[in-house]
Number of protein chains: 2
Amino acid sequence: MKNRIITISREFGSGGRTIGKQTAEKLEIPCYDAELIHKMAVESGFSEDYVKESGEEAPGGFLTNAFTTRAFGPTNGDLLWEIQYKIITELAEKSSCVIVGRCADYILRDKADCLNVFIHANKKFRAKRLVDVYGERDISPEQRLRDKDKRREAYHRFYTGMKWGYAENYHVTLDSGVLGIEKCVNLITQLY
Amino acid sequence: MKNRIITISREFGSGGRTIGKQTAEKLEIPCYDAELIHKMAVESGFSEDYVKESGEEAPGGFLTNAFTTRAFGPTNGDLLWEIQYKIITELAEKSSCVIVGRCADYILRDKADCLNVFIHANKKFRAKRLVDVYGERDISPEQRLRDKDKRREAYHRFYTGMKWGYAENYHVTLDSGVLGIEKCVNLITQLY
């Protein structure tokens with residue numbers, strides 16, 4: 001496989017998706033994020049909203065019932081993981097691209113020439129960005145962050161066995177809160 | 001304080017010290033590493049070799065006897081930590097510079113305008129570099145890495161309470177094994 005893939009893992013609210021998109025535009029290669037969700041929905045028969053929620057986060061109560069529910073066979077999450085695995089592998093075979101989230105770094109680890117990036121920022125920056133980009137909700141942005149962080153980490157650990165947010169899992173990690181979105185885009189473009 | 005400081009934390013054998021030195025040369029600012037050891041030795045009265053070993057690593061058996069030995073007052077390690085804290089703070093006040101290791105990121109966290117960098121690489125790259133740079137020893141490079149990694153992590157956790165190697169502790173982390181020393185130097189220079 002001669003394509004070169006940029007995988008972007010990111011903390012919720014860190015601007016990782018925006019960075020992925022702008023990097024892809026600069027490099028004139030496709031960026032898969034929303035499109036990935038659409039493909040998974042088509043293939044699985046689940047709704048796009050369901051895929052979006054379940055494709056990279058553990059559902060509530062995940063840790064307590066993950067095993068008991070498996071007594072009846074694979075969970076919906078397991079089925080989605082299989083589809084996600086297949087789609088991401090196919091995309092990487094098709095052309096160079098940027099893939100945001102969805103454990104693409106893990107899925108492609110021995111298969112493709114990847115630059116694995118992790119974007120993070122402190123809670124204050126992410127809480128502000130959350131409200132700016134997604135608007136206000138009933139629960140506070142801090143609470144939403146805590147919830148998302150916990151679920152993303154649990155999902156990641158369960159399906160990849162890797163420690164979320166550890167530098168050694170990535171070729172480069174960047175603090176978007178301190179460096180800013182534009183600098184992150186420039187750096188990744190340059191490393192590619 | 002208007003000086004700008006680059007702190008470089010690094011896994012043993014990752015080339016972090018070389019990256020620090022070359023970055024400082026490019027930016028025409030001082031790089032403190034060996035010099036820091038010399039200053040600490042003068043100030044503490046300990047030998048340079050002793051300072052080098054104790055200044056950022058837990059001694060053997062650290063975790064089991066760290067508290068018992070403190071029943072008799074601060075350990076040598078604690079005294080060195082105080083001196084290290086003072087010297088690093090003074091250096092950062094004096095001029096812009098690069099400081100390699102010695103928890104400078106933690107010591108300067110609320111005091112200086114820092115770019116905090118972490119350099120890491122996989123064990124194979126580091127084992128090879130260890131032999132290339134420091135030569136062969138009686139124990140295998142893999143064993144030396146395991147030992148150093150463990151002691152550096154324990155030291156770091158004990159004095160800073162931070163999780164060693166976690167992306168969120170740094171503005172940028174770089175895999176020197178995959179990216180190469182030169183690219184790391186260029187990136188850090190550019191971010192500064």
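Me: Asp, Glu, Lys and Arg count as charged, Ala, Val, Leu, Ile, Met, Phe, Trp, Tyr, Cys and Pro as nonpolar, and the others, Gly among them, as polar. In this predicted model, how many residues of the lining of the largest pocket are charged?

Reply: The largest pocket has a volume of about 780 Å³, and 31 residues line it. Seven of these lining residues are nonpolar and five are polar. The number of charged residues in the lining is 19.

Me: Which element provides the largest share of the lining of the largest pocket?

Reply: B:Phe12, B:Lys52, B:Tyr134, B:Lys148 and B:Arg152 are the lining residues nearest the centre of the pocket. Two or more lining residues come from each of the helices H1 (16-27), H2 (34-44), H3 (48-54), H7 (123-134) and H8 (141-160) of chain B. The largest share, five residues, is contributed by H8(B).

Me: Is B:Arg126 buried or exposed?

Reply: B:Arg126 belongs to helix H7 of chain B. Beyond its neighbours up to four places away in sequence, B:Arg126 touches B:Glu11, B:Phe12, B:Gly13, B:Ser14, B:Ala121, B:Leu145 and B:Asp149. Residues under 20% relative accessible area count as buried. Because its relative accessibility is 2%, B:Arg126 is classed as buried.

Me: How are H5(A) and H8(A) oriented, roughly perpendicular or otherwise?

Reply: Helix H5 (residues 76-94) and helix H8 (residues 141-160) of chain A have axes that come within 12 Å and cross at roughly 70°. Angles from 65 to 115 degrees count as roughly perpendicular. The orientation of H5(A) to H8(A) is therefore roughly perpendicular.

Me: How many residues of the contact of H5(A) with H8(A) are nonpolar?

Reply: From H5(A), the residues A:Gly77, A:Asp78, A:Trp81 and A:Gln84 meet A:Tyr155, A:Phe158, A:Tyr159 and A:Thr160 of H8(A). Three residues of this contact are polar and one is charged. The number of nonpolar residues is four.

Me: What is the phi of A:Cys103?

Reply: Most residues other than glycine have a negative phi. A:Cys103 is in the loop between strand S3 (97-100) and helix H6 (104-107) of chain A, and it counts as buried at 6% relative accessibility. Although A:Cys103 is not a glycine, its phi is positive, at about 55°.

Me: Of the residues of chain A, what percentage count as buried?

Reply: Chain A has 10 helices and five strands. Among its contacts with a separation of 6 or more, 77% are between residues 24 or more positions apart. Of the 192 residues of chain A, the share that count as buried is 54%.

Methods: Residues numbered from 1 in each chain as written. Chains lettered and ligands numbered in written order. Predicted model: local features only at pLDDT ≥ 70, side-chain atom pairs only at ≥ 80, totals over all residues. Heavy atoms only, no water. Axes fitted to C-alpha atoms, helices over the stretch in contact; angles between N-to-C directions. Helix = DSSP H or I, 4+ residues; strand = E, 2+ residues; numbered from the N terminus. Parallel < 35°, antiparallel > 145°, perpendicular 65-115°, else oblique. Contact = heavy atoms within 4.5 Å. Buried < 20%, exposed > 50% of the residue type's maximum accessible area, 1.4 Å probe, protein only. 1 Å grid on protein atoms, 1.4 Å probe; cavity = no way out; pocket = protein on both sides within 12 Å on 5 of 7 lines; lining within 4 Å. Points joined across faces, edges and corners; volume = space filled by probe spheres on them.
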